[in-house]
Amino acid sequence: MIVSKKPFLIDTHAHLSMLDEFYVRFSTQQRTPGEFPGTEALINGLFTEGFGGILDIGTQAGDLPGRIAAFSRFERVRFSAGLWPDPKNIAGRRELVAQLEAHIAAVPAGLVVAVGECGLDHHQELPSGTALDKAGETELLEMLLDLAGRLRLPIIIHSRDAPEETAAVLARHSEVHGVIHCFSYGKEEVRKFLDLGYYISFAGNVTYKNASNLREALLFVPQDRLLLETDSPFLAPVPHRGKPANPGMVVENYVLAAELCGIGLMALGERIAENAESLFRLALSPHNAF
Ligand SMILES: [Zn+2]
């Protein structure tokens with residue numbers, strides 16, 4: 001049992017190294033980013049208040065060493081390493097996957113708990129006159145699934161406008177399990193990914209007024225396969241929508257999910273912590289939180 005009266009909150013998907021830049025951009029655009037003390041101070045504050053943990057997510061081959069240097073001093077931050085399926089990563093996939101693997105090998109054991117994010121994105125805006133190399137994109141994903149299999153790590157999947165294609169690739173790699181992060185489909189697709197053994201994670205957009213399909217999908221996910229995330233600095237949940245997101249805002253996802261599922265916030269906190277623990281082996285159990 002958790003001793004504290006606060007729910008145990010984990011943000012299973014945040015891009016910590018993007019927060020500072022996002023806030024600066026918001027400020028220079030003269031929009032109101034909200035109170036922001038800087039990423040380090042923000043994380044310090046969260047953990048001082050008993051925040052459960054953050055999984056910091058990689059998207060580029062070279063980003064891991066800098067992220068480890070900046071955030072591994074926080075006891076309750078863990079890391080993933082991956083290649084987002086942008087044209088540059090697709091074109092350079094052979095060298096970049098090798099580089100990623102070398103960077104993961106150089107990190108002290110236990111800090112990198114997943115491969116990703118990676119996946120298929122058929123929604124991305126490309127420079128005019130260029131088309132997405134879909135075969136290359138699929139091959140990049142396959143290479144990262146192979147890497148996850150070799151390292152015996154779970155995989156974090158980004159999938160946008162490509163549910164069938166994503167499911168087909170994952171089905172070919174049944175030795176690897178993971179999570180469909182920032183789930184963006186409906187309940188039919190939920191079933192497909194659940195059948196493949198995947199966890200389903202919902203980001204801040206599940207709180208948006210027009211996202212009833214996501215809330216319907218969430219209700220379809222068994223509680224032992226559910227994860228919650230911010231995808232910070234993107235997709236700030238209501239009532240912060242339009243501002244840069246930070247991991248602390250994940251509480252809004254927990255409140256919404258607890259309401260939808262008809263369970264208490266404390267119970268949901270324990271449940272999500274258990275799920276994150278069994279998928280990522282985070283070593284961030286609520287029992288040694290405070
Ligand atoms: Zn992300």
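1. The lining of the second largest pocket comprises six nonpolar, three polar and two charged residues. In this classification Ala, Val, Leu, Ile, Met, Phe, Trp, Tyr, Cys and Pro count as nonpolar, Asp, Glu, Lys and Arg as charged, and the others, Gly among them, as polar. The lining includes Lys 6, Glu 49, Phe 51 and Val 251, and the pocket holds about 210 Å³ of space. A pocket is defined on a 1 Å grid over the protein atoms alone, as an open set of points where a 1.4 Å probe fits, with protein on both sides within 12 Å along at least five of seven lines; lining residues have an atom within 4 Å of a point. The volume is the space filled by probe spheres set on the points, which are joined across faces, edges and corners.

2. The model is predicted: local features need pLDDT of at least 70, side-chain atom pairs count only at pLDDT 80 or more, and totals for chains, interfaces and linings use all residues. Residues are numbered from 1 along each chain as its sequence is written, and side-chain values use heavy atoms, with hydrogens and water left out.

3. The protein chain contains eleven helices and eight strands; these are DSSP runs numbered from the N terminus, with helices being H or I of at least four residues and strands E of at least two. Its radius of gyration, taken over C-alpha atoms, is 18 Å, close to the 19 Å that the globule rule gives for 290 residues, so the chain is as compact as a globular protein of that length. The globule rule is 2.2 Å times the number of residues to the power 0.38. Of the 290 residues, 56% count as buried, where buried means under 20% relative accessible area, exposed over 50%, and partly exposed in between (1.4 Å probe, protein chains only).

4. Which residues coordinate the zinc ion? They are His 13 (NE2), His 15 (NE2), Glu 117 (OE) and Asp 231 (OD), at 2.1 to 2.4 Å. Donors are N, O and S atoms within 2.8 Å of the metal (3.2 Å for Na, K and Ca); water is not among the atoms, so sites may look incomplete. Glu 117 in strand β4 and Asp 231 in the loop between β8 and α10 are 114 residues apart and link distant parts of the chain.

5. The arrangement around the zinc ion is irregular because the four donor atoms subtend angles of 89 to 173 degrees. Four donors count as tetrahedral if all angles lie between 85 and 135 degrees; four count as square planar and six as octahedral if opposite donors are over 155 degrees apart and all others between 65 and 115; anything else is irregular.

6. The largest pocket has a volume of about 740 Å³. Of its 30 lining residues, the closest to its centre are His 158, Arg 160, Asp 231, Phe 234 and Leu 235. Strand β5 gives the most to this lining, with three residues.

7. Most residues other than glycine have a negative phi, and most peptide bonds are trans. Asp 231 has a positive phi of about 60 degrees and is buried, with a relative accessible area of 8%. Arg 152 has a positive phi of about 55 degrees, but is exposed, with a relative accessible area of 70%. The peptide bond from Gly 116 to Glu 117 is cis, with omega near 15 degrees, as is the bond from Ser 232 to Pro 233, with omega near 5 degrees.
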